[in-house]
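The sequence and the structure are shown below.

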Amino acid sequence: PKTSLDELDAFRASLAKCSKSGLHNPLKNPERYLMYGDVSAKVALELRKPEVADFFARLIQRVVPKSYPQAMGEVTISRVFMENFSGDQVRFL
């Protein structure tokens, strides 16, 4: 749309409220470490469910020419990574 100069003030005011950096940076926003760890642990927990793992294995098969055991191996490796990452590995982001 064609925005006039009069309409820009609302956008400028909104931009001024947002921080320029650090919103998602764990070094500037330390509670993000805990949140990323919790999210990773929940993902790993869900991937332990057979029906969820099967869903993702079939999903992988739709986009990559792999057999079911190969696709399930990808899901397993991703789950193990998430389990490991949910600990103190988040600090290595």
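## Helix packing and residue exposure

In this predicted model, Ser40 is in contact with Met82, Phe85 and Ser86, leaving aside its neighbours within four places in sequence. Ser40 is found in helix α2. Its relative accessible area is 5%, so Ser40 counts as buried, the cut-off being under 20%.

Ala10, by contrast, is exposed, with a relative accessible area of 57%, where the cut-off is over 50%. Ala10 lies in helix α1, which comprises residues 8-17. Between Ala10 and Phe85 there are 75 residues along the chain, and their C-alpha atoms are separated by 41 Å.

Helix α3 spans residues 50-63 and has 14 residues. From its first C-alpha to its last, α3 reaches 20 Å, close to the 20 Å expected at 1.5 Å a residue. The buried residues of α3 are Val52, Ala53 and Ala57. Seen down the axis of α3, these buried residues fall within an arc of 135 degrees and therefore line one face of the helix. An α-helix has 3.6 residues a turn, so residues three or four places apart point the same way. The buried residues of α3 pack against α2 (31-47) and α4 (68-85). On the other side of α3, Glu51 and Arg62 are exposed.

Terms used:
Residues numbered from 1 in each chain as written. Predicted model: local features only at pLDDT ≥ 70, side-chain atom pairs only at ≥ 80, totals over all residues. Heavy atoms only, no water. Helix = DSSP H or I, 4+ residues; strand = E, 2+ residues; numbered from the N terminus. Buried < 20%, exposed > 50% of the residue type's maximum accessible area, 1.4 Å probe, protein only. Expected span 1.5 Å × (residues − 1). Arc of directions from axis to C-beta. Contact = heavy atoms within 4.5 Å.
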